[in-house]
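Visitor: Please pick one part of this model and walk me through it closely. Keep it brisk, and say how each term is defined.

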Amino acid sequence: MDTVAPLVVAGPCAAESRTQVLLTAQAIAALGLQAQGCRLVFRAGVWKPRTSPDSFQGIGDEGLQWLAEVRRLTGLETATEAATPEQVLKAAAAGIDHLWTGARTGASPILIQQIAEAVIQAQAQGGRLKSLLVKNPMHEDAALWAGNIRRMQQTGLPVIAVHRGCAHRPCWRMAWQLRRLLPGTPLLIDPSHMGGQRSLVQPLCLTAASLGYDGLMAEVHNNPAEALSDAQQQITPAELPPCIFSKQQPDDLAWLRRQIDEADDDIWNAVARRMDISREIGAWKRGRQMQVVQPERFRQVQERRLMWAASNGLSEDTVIAITEALHNESIRTQQPGDNRETTER
Ligand code: PEP
Ligand code: MN
């Protein structure tokens, strides 16, 4: 199989202290990944767009100097997140090699456009930025992600897509759509934010390998337990090598099967959620001595779905079979015990 050495962007979620940044960078550099042909970039966020104002917001401008030191001491190229035009100019002035835009910034095309314009300005002022990485937006929106990438391409710099998933799920469908919209755009996986858990980092990298991803961006910390942000998803430098994969030929069947698995997850999670609601309804009915089975209500539910199915390409038989199966399970969950046999339909 045709394989190509991957791009590996690794480093802590956030630059926390000079010691933490240097220790982590030195440990990553010592793994010898470059000797294996990887293109290795050290990442650390200095300005952190956090959900809560009470959490660590990043060390700020001072962290840029630590990244510059990493470059001098280890020779590793560096990357940080820029969420405003001002941050682009500061990072470029500090000699950062690569910038990424985050999932939260990705929700705003106006901000992304301003960031792209700041990159153009920084390069005109002698900046040495080498590439731009664009994470997918927080929500599933392949078109917005593609639009953000195209805005960044206006800078003339190479632009790389980073798939970080939505709400700690991969969203393979979104990445598949992006490949359709912008074929040829290199695609990295960010298994750290995608899974939100250390134990998922390596399995997600294996999946990305089978799908032909071009590399990864992973959160690596010299002491994850003490990390000031995203502690639960950061791995140690020693845990990085098993996550590295060579680029393989993309396999469309593997992509489609991932999407089937994802659709099945959605379906079964929705079924479980529906049954949780049924249990609440069961308690409500019991409290009012109401009969579990309400034939008129079931008739309406099925009728509504049959009308919907007609315009969605599903056969009537399938709709009837599924609505009946759901209803039967619903009735079962509304009983205090499993006395389904005695239930009248
Ligand atoms: C990050 O990479 O640390 C980060 C904040 O990522 P995201 O924008 O994907 O949440
Ligand atoms: Mn993070």
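Guide: What follows is a close look at one strand and its surroundings.

The model is predicted: local features need pLDDT of at least 70, side-chain atom pairs count only at pLDDT 80 or more, and totals for chains, interfaces and linings use all residues. Residues are numbered from 1 along each chain as its sequence is written, chains are lettered from A and ligands numbered from 1 in the order written, and side-chain values use heavy atoms, leaving out hydrogens and water.

The part is strand β6, residues 159-163. Helices (H or I, at least four residues) and strands (E, at least two) are DSSP runs, numbered from the N terminus. Five of the five β6 residues are buried, so the strand is largely enclosed by the rest of the structure. Buried means under 20% relative accessible area; exposed is over 50%, and partly exposed lies in between (1.4 Å probe, protein chains only). Both faces of β6 are covered. Val159, Ala161 and His163 lie on one side. Ile160 and Val162 lie on the other.

Now the strands beside it. β6 belongs to a closed barrel of eight strands, β1-β2-β3-β4-β5-β6-β7-β8, with parallel pairing. Two strands pair if DSSP finds at least two bridges between them. The twist averages 25 degrees from one strand to the next. Axes here are lines fitted to C-alpha atoms, for helices over the stretch in contact; angles run from 0 to 180 degrees between N-to-C directions.

β5 (residues 131-135) is joined to β6 by four bridges, running parallel. Val134 stands opposite Ala161 in β6. Three bridges join β6 to β7, again parallel. There Ala161 stands opposite Leu187 in β7.

From β6 the chain passes through α6 to β7, a right-handed β-α-β crossover. That is, with the strands pointing away from the viewer, the path from the first strand over the helix to the second runs clockwise. β5, helix α5 (residues 142-153) and β6 also make a right-handed β-α-β unit.

Side chains tie these pieces together. Take Trp145. Leaving aside its neighbours within four places in sequence, its contacts include Val134, Ala161, Val162, His163, Leu178 and Leu187. Contact means heavy atoms within 4.5 Å. Leu178 is found in helix α6. Leu178 is buried, with a relative accessible area of 3%. Leu178 and Gly147 are 31 residues apart in sequence and 10.0 Å apart in space, C-alpha to C-alpha.

Finally, the cores. A nonpolar core is a set of buried Ala, Val, Leu, Ile, Met, Phe, Trp, Tyr and Cys residues joined through side-chain atoms within 4.5 Å. The largest has 70 residues. Trp145 is among those with the most contacts inside it, along with Phe42, Leu99, Ile189, Tyr213, Leu216 and Leu240. Its largest share, six residues, comes from helix α4 (residues 109-124). In soluble globular proteins, nonpolar side chains tend to be buried together.
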